[in-house]
Structure formats: C-alpha cells, structure tokens
Amino acid sequence: MNPFVRLVRLAKSYWLWMSLGAFISLLVVLSNMALLGTAGWFLASMAVAGSAGASMNYFLPAAAIRGFAIIRTAGRYFERLVTHEATLRFLSGLRVWFYDHLEPLAPAGMQPYRGADLFSRIGADIDALDNFYLQILVPIFVAFVAMLVAFFFLDKYSLHIALVDTFSLILVGAAIPVLTQYLARKPGRHMLTCSSQLRTSVIDGTQGMSDLMVYGASSWHIKQFQKLSQNLIHSQTDMSSISGFSGAVATFLTYCTTLLVTGIGIILIGEKRLAPVDLPMITLVVMGSFEAVNKLPKAYQYLGHTLMAARRIFEIIDTPITLHEPDLSPIIQDNSLEFRSLSFRYSDAGPWILKHLDLKLSQGQHVALIGPTGSGKSTFINLLTRLWEYQDGDILLGGHSLRTFRFEDLRRKISVVPQKLHLFNASVRDNLLLGNPEADEFKLEEVLCLVCLEQDIRLLPDGYDSYVGEGGLKLSGGQIKRLMIARALLKNSPILILDEPSEGLDPELESRVIKNIFEAYKNRSILLITHKFTGLQQMDSILMLEAGSIIEQGSPELLMSTDSRFREMHTMFRTLLSV
Ligand code: ATP
Ligand code: MG
C-alpha cells in the first residue's frame with residue numbers, strides 16, 4: 001500500500017487534534033486575507049469620502065480590522081499549540097506502534113538490520129514523520145480551502161481577476177512544488193540515507209571505541225566519519241539551494257500576479273465595471289491569498305523525505321513474522337521437556353544446526369549438554385524460549401508442543417542465563433528485579449548470596465542502587481555473569497537453563513556457585529550448557545552434542561566407564577570431574 005495512505009490511516013486516531021489544528025491554521029490564513037482586504041477597502045473609502053467631503057461610518061470597519069487582527073494573532077498562538085500537540089501525540093503513538101510491531105520480530109526478523117540502523121529508524125525516521133502532519137497535511141488542506149474561498153470572493157468582483165489569482169496560486173502552490181519535489185527527490189533520499197549512515201557510524205564508533213583504539217583503527221573510523229559528514233553536508237546544501245530557488249520563484253510570481261491584478265482592476269475601473277474603492281481591497285486579498293500556498297513548496301520538498309522515512313519504517317513492520325502465538329496456553333501437569341526429531345537452521349539457505357534431535361528432560365532432572373564450539377548448544381535456548389521457529393520435528397513441554405503456548409506463559413516456565421552477557425544501564429537492583437519485579441530486599445540478598453556476589457555489591461558506592469553502566473561497564477565479567485545468574489534464580493521458574501554459567505569465574509568460585517545453584521534447584525529441572533567439566537559429576541545425565549546431533553547420552557559414571565567421546569574430552573582437558 002502507498003506509504004502516504006498508510007500514514008493517513010495511522011494518523012486517524014488523532015483526527016480530533018489534527019482537524020482542530022488544521023481548522024485554526026485555516027482561520028489564521030482567512031483572517032489575514034480578510035484583514036488585508038478590509039484595511040485596503042477602508043483606507044480607500046476614507047480617502048474617497050474625505051476628498052468628497054462626505055461622511056462615513058468608520059466604526060464598523062475599524063472594529064472588523066481589530067477583530068481580524070486579534071483572530072490572526074491569537075490564532076497563530078493556538079495554531080502552534082494545537083498543531084504541535086497533534087504532532088507530538090501522533091509521534092509518540094507512532095513510536096509505541098513501531099515498538100509493538102518490532103517486538104514480535106526479535107531477534108529473527110531483525111537480524112538483517114544493524115542495531116544502529118534500527119536505532120536510527122526508531123529515532124530519526126519517526127522524527128522525520130513529524131513533517132507529515134505539520135508540513136504536509138495542514139498546508140495542503142489550508143491551501144485548498146483558502147484558494148476556493150479566494151476564488152469565490154474575487155469572482156464577485158471579476159471572474160478574470162479570480163481566474164488569474166487561482167491560476168497563479170496553482171502555479172505557486174502546485175507546479176513549483178512538483179518541480180521542486182522532482183528536483184529534491186534525489187538529494188532528499190540521499191540526505192536521509194546519509195544522516196542514517198552517519199548516525200550508525202557514530203553509534204558503532206562510540207560503542208566500539210576501545211576496540212578501535214586498541215587496534216589503532218581510530219583514524220580509519222574518523223576518516224569514514226568525515227566522509228559521511230561531507231556527504232550529508234553536500235545533500236543538505238543541495239536541498240537548501242532547491243528550497244531557495246523555489247522560494248524566489250514563488251515570491252516573484254506573487255508580485256507579478258499582484259501587478260497584473262492591479263492592471264486588470266484599472267481597466268475594469270475605466271470601463272466602470274469596478275468601483276475604485278474595491279481595487280485596493282482586491283489587490284490586498286490577492287496578495288494575502290498567497291499566504292495560503294506559501295508553505296506548499298516546502299511541503300512537497302518534505303514529501304520525498306517523509307515518504308522515504310515512512311517506507312523505511314514500513315519495511316521493518318512488513319517483515320513477515322515467523323513465530324505465531326496462540327491466544328491460550330494448554331494446562332500442563334508437569335514441566336518435562338522433550339525434543340522429538342527436531343531439526344533447525346537459522347535460514348533457508350543456511351546449514352542445519354540441529355538434525356533430527358531426540359532427547360528428554362524429565363521434571364526435576366539435571367542434565368548437562370556438552371559439545372564443541374559451534375555445535376548448536378546455545379541454539380537450544382533460542383528454540384526453547386521461542387525466539388526462533390524450528391522447521392522440523394517438535395519440542396514438547398508437559399506433553400504439549402511449544403507452538404501451543406503463549407510466549408509469556410512459556411517464558412514464565414523457563415529461566416535463562418544466556419551466554420552473551422547484557423545488563424541494562426540501570427542500578428543493580430533494577431537489573432535484578434527484571435527477574436521478579438515483586439522480589440523484596442531479603443529475596444535479593446538471598447540470590448546474591450547464592451552466587452557469592454553479596455559482598456561485591458555491598459562494597460559498591462550505592463550498594464544495590466549503584467548504576468552498572470552501559471552493558472555493565474562498571475562490573476567485571478565474572479560479576480556480570482553472577483548478577484545474571486542471580487536474576488535467573490530470582491525468577492524462580494521450574495526450568496533453569498544455564499549457558500556457560502562459569503565463564504569468567506575462578507575455579508573455586510565456579511564450584512561454589514554451581515553447588516549453590518544445584519542445591520537451590522534440587523527438585524527442579526536444570527539444563528546446563530557447558531564446555532567445562534565442573535559440576536558434571538552431580539548431573540543425572542550428560543548429553544554430548546556434535547554437529548547438531550546427540551552422539552552420546554548417559555550418566556557421568558556410565559560415560560566415564562566406557563570408551564566414550566566424553567571420556568576422551570575429559571582426559572583431554574584434564575579437568576576434575578568433582579566440584
Ligand atoms: P559455543 O560453544 O561457542 O557457545 P554453541 O554450541 O553454543 O557454541 P551456537 O551458538 O548454538 O553454538 O551456534 C551454532 C551454529 O549456529 C554456529 O555455526 C553459528 O555460527 C550459527 N548461528 C548461531 N546464531 C546464529 C544466528 N543468529 N544466525 C545464523 N547463524 C547462527
Ligand atoms: Mg554457545
């Protein structure tokens with residue numbers, strides 16, 4: 001569908017504010033025309049009455065002039081107030097609408113877009129849409145109605161004058177803008193692309209600043225940045241030249257039309273078809289009518305830019321959702337998990353990551369999944385939490401396919417400590433409360449003790465209220481990992497999945513933390529994904545994953561007593577089996 005029509009549909013919910021703003025804008029333009037016309041007529045009439053020594057009632061026209069002036073001034077104030085209110089409401093609604101549509105796409109549907117590009121779309125592109133109402137819709141509406149009003153008013157005095165005015169208004173309001181839009185299409189698109197690339201470069205560069213410094217690549221990045229800035233400046237200069245040119249032509253046409261109308265008026269007066277006192281009024285109304293269209297060239301110029309921003313936003317919104325959610329979840333008796341001949345790959349053209357995989361995790365069982373790097377261990381989490389859709393086979397929770405659960409219900413059953421660490425730039429407390437917003441101080445302390453982090457947090461300047469910095473910048477890798485484990489424990493769900501929980505911990509701390517987690521989850525299910533051998537002795541079962549298939553499965557004792565791949569790896573890494 002045309003992005004313009006889609007934008008109008010999105011704006012529908014704010015029609016009251018928007019129509020009120022448009023109506024006040026129209027009132028301002030009409031009162032300006034009326035003010036100029038009345039003033040012209042009044043001055044001419046007073047001059048004629050004065051020279052003829054006649055008297056005239058000047059109270060009424062003087063009051064009308066004051067009235068129109070007040071309406072115009074107050075109208076300008078309320079016009080700004082209401083149109084900006086409408087725009088801000090529209091924009092904030094758009095942001096929520098965009099985020100609502102973005103969430104179901106994450107992460108699979110968002111993979112083609114770079115993080116900074118997404119940020120740019122949610123920020124700059126949505127901001128660019130503020131032009132849509134204020135700079136495009138309102139000026140078009142005001143121009144159209146005011147043009148009609150001017151035509152019917154002038155037609156009462158002379159059809160020729162009305163036609164000349166309307167023709168010029170169409171030239172200034174439509175022909176020049178169309179030409180302007182044609183000229184501005186390329187630089188408009190270029191400007192948007194450049195500013196988006198520049199933003200992406202700034203965000204990437206800031207986030208990866210330490211890497212750029214360490215690798216001595218700062219100057220390379222600065223050069224890239226300068227090149228993008230230059231491109232943006234060029235496209236902005238092109239846009240300004242076009243806007244200046246169209247403004248100059250519009251002003252020139254306005255004055256030519258005023259002169260022409262005055263000339264026609266003089267002829268009509270000569271032919272006694274027009275009263276002399278009406279000419280100044282007509283000339284000033286014609287001049288005033290151009291105010292109705294003087295925003296149109298800019299409107300058309302913004303149109304390309306705004307539609308491009310809308311297209312970029314709709315492009316994301318139209319990304320097909322691969323994961324579908326039912327309205328209701330089944331009621332389950334137990335929290336067992338079962339993979340039935342499950343196959344998965346990240347893209348249609350990509351390699352199969354999991355191949356015809358069968359495995360069962362009974363309720364309360366502690367199972368370890370081990371395997372070489374890239375064998376598909378973390379992929380399990382993406383499938384279990386329904387972040388990605390699997391292609392073949394099925395995964396069952398309590399005997400029901402995961403596809404039959406609402407995401408929220410399913411995710412409530414599973415706590416995850418992911419391999420990739422991410423903390424929000426908020427306090428320790430806020431980061432923890434994401435796991436369970438209702439948890440009290442006692443509960444927070446309990447989980448922090450379990451992960452041996454309580455002391456570390458107490459030593460921070462503001463304790464639980466200390467800010468962790470961007471992505472946990474102010475904490476060490478091991479502290480971030482333990483904070484994330486604590487958050488998962490706080491969620492207190494029946495299934496806990498730990499992806500490399502001991503990465504970044506020294507052996508002693510690693511044993512203590514793992515032991516505490518196992519104790520806390522004595523009667524609940526744990527899926528431990530690891531490269532390491534710490535804690536494996538306590539597992540009920542060990543699964544060896546290689547190239548997307550389970551190649552071995554059994555208790556640690558069984559696997560150690562046979563000539564297994566597990567024993568081979570264990571020997572190779574020379575890691576102690578006991579915690
Ligand atoms: P590690 O031990 O290094 O953590 P892993 O066993 O957890 O490895 P996964 O992260 O599951 O491995 O990745 C399995 C394979 O899937 C890898 O080849 C990886 O390149 C690929 N992969 C992972 N995530 C994606 C993704 N989002 N899009 C495409 N391919 C992916
Ligand atoms: Mg992994």
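User: In this predicted model, does Ser378 count as buried, partly exposed or exposed?
Analyst: The model is a prediction, and the class follows from the relative accessibility of the residue. Buried requires under 20% and exposed over 50%. Ser378 has 26% relative accessibility, so Ser378 counts as partly exposed.

User: Which protein atoms are the donors of the magnesium ion (ligand 2)?
Analyst: Two residues provide the donors, Ser378 and Gln419. Ser378 belongs to helix α11 (residues 377–384), whereas Gln419 lies in the loop between β6 (414–417) and α13 (428–433). At a distance of 2.0 Å from the ion, the donor atoms are OG of Ser378 and OE1 of Gln419.

User: How many residues apart are Ser378 and Gln419?
Analyst: Gln419, with 30% relative accessibility, counts as partly exposed. The pair Ser378 and Gln419 links distant parts of the chain, and the separation is 41 residues.

User: What span does helix α5 reach from its first C-alpha to its last, and where does its kink lie?
Analyst: Helix α5 covers residues 130–155, which is 26 residues, and 38 Å is expected at 1.5 Å a residue. The span in the model is close to that value, at 37 Å. A bend of about 25° occurs in α5 shortly before the proline Pro139, and the kink lies at Leu137.

User: Which residues of strand β8 point the one way, and which the other?
Analyst: Strand β8 (residues 525–530) is mostly covered, with 6 of its 6 residues buried. The side chains on both faces are therefore buried under the 20% cut-off. One way point Ser525, Leu527 and Ile529; the other way point Ile526, Leu528 and Thr530.

User: Which residues stand opposite Leu528 in β8?
Analyst: Strand β3 (residues 366–370) pairs with β8 in the parallel sense over 5 bridges. Strand β7 (residues 495–499) also runs parallel to β8, joined to it by 5 bridges. Opposite Leu528 stand Ala368 and Leu498.

User: What is the handedness of the β-α-β unit made with β7 and β8?
Analyst: The unit consists of β7, helix α17 (residues 507–520) and β8. Its two strands run parallel. The handedness of the unit is right-handed.

User: Which strands stand at the edges of the open sheet of 4 strands?
Analyst: The order in this sheet is β2-β1-β4-β5, with antiparallel pairing. An edge strand has a single partner strand, so one side of it is left without a neighbour in the sheet. The edge strands are β2 (354–361) and β5 (400–401).

User: Which residue of β2 does Leu342 stand opposite?
Analyst: Strand β1 (residues 337–344) pairs with β2 in the antiparallel sense over 5 bridges. The residue of β2 opposite Leu342 is Leu357.

Note on methods. Residues are numbered from 1 along each chain as its sequence is written. Chains are lettered from A and ligands numbered from 1 in the order in which they are written. This is a predicted model: local features need pLDDT of at least 70, side-chain atom pairs count only at pLDDT 80 or more; totals for chains, interfaces and linings use all residues. Side-chain values use heavy atoms; hydrogens and water are left out. Donors are N, O and S atoms within 2.8 Å of the metal (3.2 Å for Na, K and Ca); water is not among the atoms, so sites may look incomplete. Buried means under 20% relative accessible area, exposed over 50%, partly exposed in between (1.4 Å probe, protein chains only). The expected span of a helix is 1.5 Å times one less than its number of residues. The bend at a residue is the angle between axes fitted to the seven residues ending there and the seven starting there. Two strands pair if DSSP finds at least two bridges between them. A crossover is right-handed if, with the strands pointing away from the viewer, the path from the first strand over the helix to the second runs clockwise.
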